[in-house]
Amino acid sequence: HESHDFQAAREYSQCKTFTTDSVGKVYCKPVGYVGGTYTDPYCSLQHTPTTHPDGCACAPVSESTSMPGYVESDKLFFGRGPLQNSWNYNYKKLSDALRAEGVDICAAPDLVATNEEYAWISAFLFWTTSTGAVDTTCGQAVKCEGSFGSTLNVINGGLECPAINGHESTIW
């Protein structure tokens, strides 16, 4: 996902287009969205503020009244930043890490796309603490395997290496 020479601050596959209103609020038009209520595919209902492990609160998002055809970007937990931080539980980890600075990433996930410091903190935090389904961090995977290729299972779990469900054609 580290695409477009790091110019892709938000994941293209989630939001087809973005627009900003006169006060700077960012809106997303998800791929295939035709209006109404939108269910964020990166909202895990098994990870909520009252579960363990926890996650940022998330729910279906209503269409914007001021920007018809779009939803507020700050209500979605799609990939943002250098390592495309995604899912409400990964945003919760970042929010907890930044709590001492008074930053609530759960309330404003778009900060990962708009604030360079938070973007790189999200990447560093994920690289050093997240283990995915393989029970090792990206840093440990590189050290043990001797290559960055071993980080793919930590970052994207079977989507890339080995590819599953037809994803083989996306690998170069």
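Lys25 and Glu72 form a salt bridge, with their closest N and O atoms 3.3 Å apart. Lys25 is located in the loop between β1 and β2 while Glu72 belongs to strand β3, so the pair ties together parts that are 47 residues apart in sequence. The structure is a predicted model. Four salt bridges are counted in it. Side chains of opposite charge can pair in this way when their charged atoms come close.

## The sheet

The sheet is open and consists of three strands, ordered β1-β2-β3, with antiparallel pairing. Strands β1 (15-20) and β3 (71-72) are the edge strands, each pairing on one side only. In general, the strands of a sheet pair through backbone hydrogen bonds, and the pairing is either parallel or antiparallel.

Strands β1 and β2 run antiparallel and are joined by five bridges. Within this pairing, Cys15 is found opposite Pro30 of β2. The hairpin of β1 and β2 has five residues between the strands, and Gly24 there adopts a positive phi near 95 degrees. Lys25, the salt-bridge partner of Glu72, also lies in the loop between these two strands.

Tyr27 has Glu72 as its bridge partner in β3.

## Packing of helices α1 and α3

Two packed helices are described by the angle between their axes and the distance between the axes. Helix α1 (residues 88-98) packs against helix α3 (residues 116-129) at an angle of about 110 degrees, and their axes are 10 Å apart. At that angle α1 is roughly perpendicular to α3. The crossing of the two helices is right-handed.

On the α1 side, the contact is made by Asn90, Lys93, Leu94, Ala97 and Leu98. Helix α3 contributes Tyr118, Ile121, Ser122, Leu125 and Phe126. By class, the residues of this contact comprise seven nonpolar, two polar and one charged.

Conventions: Residues numbered from 1 in each chain as written. Predicted model: local features only at pLDDT ≥ 70, side-chain atom pairs only at ≥ 80, totals over all residues. Heavy atoms only, no water. Axes fitted to C-alpha atoms, helices over the stretch in contact; angles between N-to-C directions. Helix = DSSP H or I, 4+ residues; strand = E, 2+ residues; numbered from the N terminus. Parallel < 35°, antiparallel > 145°, perpendicular 65-115°, else oblique. Left-handed = near helix turned anticlockwise from the far one by under 90°. Contact = heavy atoms within 4.5 Å. Nonpolar A, V, L, I, M, F, W, Y, C, P; charged D, E, K, R; others polar. Pairing = 2+ DSSP bridges. Salt bridge = Lys/Arg side-chain N within 4 Å of Asp/Glu carboxyl O.
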